[in-house]
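These notes are meant for someone opening the structure for the first time.

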Amino acid sequence: MTRFDPATATARAIAAAVRAGTLAPETVCEAYLDRIAAREPDLRAFAHLDPARARAEAATRRDGLLAGVPIGVKDVLDTGDMPTGYGSRAYGGVRPARDAGVVHIVRRAGAVAIGKTVTTEFATAAPGATTNPFDAARTPGGSSSGSAAGLGAGLFPLAFGTQTSGSTVRPASFCGVVGYKASRGVIDRTGVKPLAESLDVVGLMARDSRDCALLAAAAMRRPELLPADDAPALPRIGLFAPPDPDVPSDVAIAVLDRAAGLLGRVETRTAPAWWQGLGPAQSDVFAWEGSACLAPERDLHWDSLHPATHVFLRAQDGITFARWQAGIAARDAALADLDALFGGCDLLITQAAPGEAPRGLGSTGQAAYNIRWTLLGTPSLSLPAGLGPEGMPVGIQVVARPGADAQLLALAPALEDALRRAGLPSRPE
């Protein structure tokens with residue numbers, strides 16, 4: 001690689017150059033540390049950063065699919081050589097005995113864990129200090145706040161998130177990056193702070209869809225997911241834009257309509273009768289499972305928790321096993337009727353978030369357009385799709401059937417390339 005610009009270099013190009021010996025991993029790490037030094041005081045994307053440790057790790061990363069590529073690690077994934085605080089004062093300074101399984105796997109593939117990125121407390125509702133990389137007065141989204149903001153600011157080319165409601169897809173949309181929520185069970189969750197067993201997924205995040213596929217190939221140990229240079233032909237796409245009466249999404253729908261016009265023949269799909277009921281079903285499943293996962297924090301660390309976490313935990317009072325059962329039954333009935341949703345389409349495009357990142361840092365935004373897909377376990381991916389009326393990024397969510405992750409990752413570049421050819425900016429200048 002004759003020139004290396006950390007603001008624009010892809011993970012694919014970095015890894016190829018490091019493996020070829022034309023780019024030193026130490027050079028890569030130092031370039032990103034320089035960007036971090038310039039942006040981090042205002043962005044506050046990191047929960048933990050030790051440049052000396054990152055440099056030492058980079059010096060050993062010369063081989064593998066991710067050779068020398070820095071990755072931000074959300075602070076709900078365990079790391080044996082860095083603290084893992086889950087975004088909470090209750091776990092300040094705690095250092096696990098080992099890495100989370102997926103962190104270990106990507107490090108073995110050559111990635112450099114450059115630091116721990118900010119999460120909301122326990123990946124729930126209490127926001128951290130991170131700001132949006134394009135407007136410090138706006139949220140970056142959450143709970144994968146630091147990962148999305150750091151990618152948007154070019155502080156690293158890859159990152160881990162997690163999703164239980166909308167915590168990967170929504171912040172990716174707000175920060176103009178790609179956020180991929182895999183089908184349930186295809187990415188190992190050992191050593192990841194649990195929140196809801198039926199919903200939790202490790203999220204993969206990048207600055208473009210091909211880099212996301214590269215990270216998926218490494219994280220899942222599936223070389224067949226490696227991205228091709230040339231995108232395939234555009235697939236059969238369905239436009240699915242159901243409004244949520246409680247969370248207007250006029251900006252997102254306008255962006256979707258514009259994207260559909262650029263993608264050619266797109267079939268409009270309507271919501272099956274069971275669609276709206278999946279929202280309350282996800283909430284009940286989350287409440288029942290979350291009340292168990294977070295019982296130790298509630299019972300042992302209440303006084304150390306953020307007030308927003310108190311509200312979140314109290315909202316679970318009264319949840320019953322019967323409501324959890326009904327939520328799971330609603331999910332299973334919907335999965336048996338997915339043809340009513342997809343028809344003959346390979347992919348659906350839908351809202352990734354209601355619109356542009358909201359102003360203020362007291363909330364990370366609404367997950368209304370993510371929760372049903374998370375309950376269903378469908379793989380979904382947020383693609384940058386231009387700017388909204390206030391000049392902030394807005395993404396579209398691309399969804400495939402459960403288990404069709406390879407198809408989603410292979411076809412997403414076709415949509416991404418079509419949007420780029422139309423001149424839609426991924427992020428503000």
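1. Rings of Phe, Tyr and Trp (its six-membered ring) pair if their centres lie within 6.5 Å; planes under 30 degrees apart count as stacked, over 60 as edge-to-face and the rest as tilted. By that rule the whole structure holds 11 aromatic pairs. The model is a predicted one, in which local features need pLDDT of at least 70 and side-chain atom pairs count only at pLDDT 80 or more, while totals for chains, interfaces and linings use all residues. Residues are numbered from 1 along each chain as its sequence is written, and side-chain values use heavy atoms, with hydrogens and water left out.

2. Phe4 lies in the segment before helix H1 (11-20) and Tyr32 in helix H2 (residues 25-43), so the pair ties together parts that are 28 residues apart in sequence. Helices (H or I, at least four residues) and strands (E, at least two) are DSSP runs, numbered from the N terminus. Both Phe4 and Tyr32 are buried; buried means under 20% relative accessible area, exposed over 50%, and partly exposed in between (1.4 Å probe, protein chains only).

3. The rings of Phe46 and Phe156 are also paired: their planes stand at 85 degrees and their centres are 5.9 Å apart, so the pair is edge-to-face. This pair links distant parts of the chain, 110 residues apart, with Phe46 in strand S1 (residues 46-48) and Phe156 in the loop between helix H5 (145-152) and strand S4 (158-163). Phe46 and Phe156 are buried. Elsewhere, Phe240, Trp274, Trp275 and Trp373 are linked into a cluster by ring pairs.

4. The salt bridges number 28, each being a side-chain nitrogen of Lys or Arg within 4 Å of a carboxyl oxygen of Asp or Glu. In one of them the side chains of Asp81 and Arg107 meet at 2.9 Å, N to O. Asp81 lies in the loop between strand S2 (70-74) and helix H4 (101-108) and Arg107 in helix H4, so the pair ties together parts that are 26 residues apart in sequence. Asp81 is partly exposed, with a relative accessible area of 28%, whereas Arg107 counts as buried at 10%.

5. Another salt bridge joins Lys193 and Glu297, whose closest N and O atoms are 2.7 Å apart. Lys193 lies in the loop between strand S5 (178-181) and strand S6 (201-206) and Glu297 in helix H10 (residues 295-300), so parts that are 104 residues apart in sequence are tied together by the pair. Both Lys193 and Glu297 are buried.

6. Arg331 and Asp332 form a salt bridge through their side chains (2.9 Å, N to O). Asp332 is partly exposed at a relative accessible area of 38%, and Arg331, at 19%, counts as buried. Salt bridges that share partners also join Arg53, Glu57, Arg61, Asp81, Asp99 and Arg107 into one network.

7. Is helix H7 buried or exposed? In helix H7 (residues 209-219), 11 of the 11 residues are buried, so it is largely enclosed by the rest of the structure. The buried residues of H7 include Arg210 and Asp211. Asp208 caps the N-terminal end of H7, a side-chain oxygen lying 3.1 Å from the backbone nitrogen of Arg210. After H7 comes Arg221, whose phi is positive, near 60 degrees.

8. The largest pocket has a volume of about 680 Å³. Of the 29 residues that line this pocket, the closest to its centre are Ser165, Phe286, Phe312, Gly365 and Ala367. On a 1 Å grid over the protein atoms alone, a pocket is an open set of points where a 1.4 Å probe fits, with protein on both sides within 12 Å along at least five of seven lines; lining residues have an atom within 4 Å of a point. Grid points are joined across faces, edges and corners, and the volume is the space filled by probe spheres set on the points.

9. Helix H9 (278-293) and helix H14 (371-376) each supply at least two residues of the lining of the largest pocket, and the largest share, 4 residues, comes from H9. Ala281 has its place in helix H9 and is buried, with a relative accessible area of 5%.

Notes:
A polar contact is a pair of N or O atoms within 3.5 Å; within protein, one must be able to donate a hydrogen and the other to accept it, and residues adjacent in sequence count only if both atoms are side-chain atoms.
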